[in-house]
Amino acid sequence: MKRKGILQLLEQYKADSREQKVNLVVGIYMDKTGNSPIFNVVKKVEENLISSEITKAKFNMLGSCEYQDSVKKLLFTNLEEKELDNILTVQTLGASGALSITANIIANKYPEASLWLSNPTWENHPAIFENHISSIKEYQFKPKDGVLDIDTIISDLSAAKAGDVVLFQGCCHNPTGIVITTDQWNKLASLCSERHLLPIIDFAYQGLEVDLVLDTEVLNIFNGYGIDYIVCNSFSKNMGLYDERIGALSLVFNDSKLTQEWELAIRNIVRTTYSLPPVHGSLVVTEVLSNPEFNSAWRQELDELRDYIDYRRNLVFNKMKELGITDKYLNYTQQKGMFICLQLSLEHVDLLREEYGIYIIDSGRVSIASLDETKVNYLCESLAATAYMIES
């Protein structure tokens with residue numbers, strides 16, 4: 001029987017009439033009231049835009065130059081202006097849109113290439129790429145002794161052939177939250193260089209692991225190896241602009257001719273799908289990134305949001321420890337980002353939904369960013385009860 005995806009689980013949650021129910025399915029930040037708030041700085045920028053904007057007809061197929069330049073400076077923190085000029089950055093419909101465009105071009109430009117995805121990964125990664133790329137392979141992404149098992153990844157990717165494409169998550173790996181160290185990123189970049197692989201960096205959570213600058217270390221490392229790579233980033237999480245669908249696709253290629261070929265392909269895809277990207281989100285992002293006062297305010301709000309998510313995670317981990325169930329559900333506790341990844345069987349997942357109204361996706365990923373802290377005890381006690389039911 002086919003298992004339910006995120007959207008189907010949301011429908012099931014909404015139809016659940018139990019008062020004591022918990023939605024931990026969608027990766028979205030919610031405050032204590034259960035609302036996903038608009039950043040204060042975003043609200044202020046929007047008010048300014050409404051009063052000053054004079055047209056909705058800008059016709060920038062790949063986004064404005066101001067938006068593109070602002071995104072480059074945010075992502076590529078160790079590059080000089082001249083080096084940034086060699087990077088093509090275009091506005092997309094979130095990071096998902098950037099990934100979709102990338103998948104489309106790879107399928108047409110590199111039809112023999114296989115795509116390597118981590119197992120586990122974000123559930124939409126395979127769905128985005130399998131519509132374009134027939135050969136999708138996996139590298140195992142798991143902890144060993146509390147940290148990332150990098151040797152297994154290196155072993156798996158050693159089977160990749162020249163020209164293959166490998167997808168990495170730049171920080172806050174979804175669903176595991178495993179942190180990749182500097183040394184480990186160097187090993188992965190070196191492997192891509194030696195085997196002539198094309199890395200795609202899904203960078204949807206910048207600022208939610210350590211901070212906006214330190215989270216770009218992965219990009220700095222890949223720059224140091226001088227290899228071609230692609231970045232797909234989003235402002236849904238770190239600026240709360242979920243519904244605005246604002247992101248970017250950046251091509252860090254050494255060959256300007258190759259960049260031009262990709263740009264032409266991108267233009268063709270954009271023209272034949274949505275023609276023009278929505279302008280409002282890009283104006284907000286550009287103003288926040290380019291205005292020093294707004295930029296500073298945003299960074300402070302983002303730091304507070306990240307700290308609050310970490311606080312919630314610690315509440316859960318401490319309660320699990322108190323109940324003596326840490327070893328049952330956690331094979332490592334150094335998790336970062338918007339999620340907690342639990343070791344749950346499908347039987348566990350189904351019992352939590354059916355008996356306790358706790359909705360978690362099949363991978364065991366818990367959206368800690370949307371967990372009401374008043375329900376931490378209920379969640380952990382339900383986990384303990386579920387473990388007892390299965391074991392008995």
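This is a predicted model: local features need pLDDT of at least 70, side-chain atom pairs count only at pLDDT 80 or more; totals for chains, interfaces and linings use all residues.

Tutor: Side chains of opposite charge can pair when their charged atoms come close. Here Asp310 forms a salt bridge with Lys336, and their closest N and O atoms are 3.2 Å apart. This pair links distant parts of the chain, 26 residues apart: Asp310 belongs to helix α12, whereas Lys336 is in the loop between α13 (326–329) and β11 (339–341).

Student: Are Asp310 and Lys336 buried, partly exposed or exposed?

Tutor: Asp310 has 16% relative accessibility and therefore counts as buried, the cut-off being under 20%. Lys336, at 23%, counts as partly exposed. Salt bridges that share partners join Asp310, Arg313 and Lys336 into one network.

Student: How far apart are the closest N and O atoms of Asp310 and Arg313?

Tutor: In that salt bridge the closest N and O atoms are 2.9 Å apart. The general idea is one of helix geometry. An α-helix has 3.6 residues a turn, so residues three or four places apart point the same way. Asp310 and Arg313 are three residues apart in helix α12 (residues 292–323), so about one helical turn separates them. Both Asp310 and Arg313 are buried.

Student: Which residue forms a salt bridge with Arg267?

Tutor: The partner of Arg267 is Glu263, with 3.2 Å between the closest N and O atoms. Both lie in helix α10 (residues 256–273), four residues apart, about one turn of the helix. Arg267 counts as partly exposed because its relative accessibility is 34%, and Glu263 counts as partly exposed at 22%.

Student: How many salt bridges does the structure hold?

Tutor: It holds 14 salt bridges.

Student: How should one check the length of a helix, taking α8 as the case?

Tutor: One compares the expected span with the distance between the end C-alpha atoms. At 1.5 Å a residue, the 14 residues of α8 (residues 182–195) should span 20 Å, and the end C-alpha atoms are 20 Å apart, so the two agree.

Student: Which residues of α8 are buried, and against what do they pack?

Tutor: The buried residues of α8 are Gln184, Trp185, Leu188, Ala189, Ser190, Leu191 and Cys192. Just after α8, His196 takes a positive phi of about 60°.

Student: How is such a backbone angle to be judged?

Tutor: Most residues other than glycine have a negative phi, and most peptide bonds are trans. Phe59, which is not a glycine, has a positive phi of about 55°. Phe59 is in the loop between α2 (40–52) and α3 (65–75) and, at 61% relative accessibility, counts as exposed. Cys172 also has a positive phi, near 55°. Cys172 lies in the loop between β7 and α8 and counts as buried because its relative accessibility is 2%.

Student: What is the volume of the largest pocket, and what lines it?

Tutor: Rolling a probe the size of a water molecule over the atoms shows where empty space is left. The largest pocket holds about 650 Å³ of space. Of its 28 lining residues, Val26, Gly27, Ser96, Trp122 and Lys237 lie nearest the centre. Helix α5 gives the most to this lining, with four residues. By class, the lining comprises twelve nonpolar, ten polar and six charged residues.

Student: Which residues lie nearest the centre of the second largest pocket?

Tutor: They are Thr121, Trp122, Glu123, Pro126 and Ser363, out of 21 lining residues. Elements that give two or more residues to this lining are α1, β3 (115–119) and β4 (136–140). Strand β3 gives the most, with three residues. The second largest pocket has a volume of about 400 Å³.

Terms used: Residues are numbered from 1 along each chain as its sequence is written. Side-chain values use heavy atoms; hydrogens and water are left out. The expected span of a helix is 1.5 Å times one less than its number of residues. Buried means under 20% relative accessible area, exposed over 50%, partly exposed in between (1.4 Å probe, protein chains only). On a 1 Å grid over the protein atoms alone, a cavity is a set of points where a 1.4 Å probe fits but cannot get out, and a pocket is an open set with protein on both sides within 12 Å along at least five of seven lines; lining residues have an atom within 4 Å of a point. Grid points are joined across faces, edges and corners, and a volume is the space filled by probe spheres set on the points. Ala, Val, Leu, Ile, Met, Phe, Trp, Tyr, Cys and Pro count as nonpolar, Asp, Glu, Lys and Arg as charged, and the others, Gly among them, as polar. A salt bridge is a side-chain nitrogen of Lys or Arg within 4 Å of a carboxyl oxygen of Asp or Glu.
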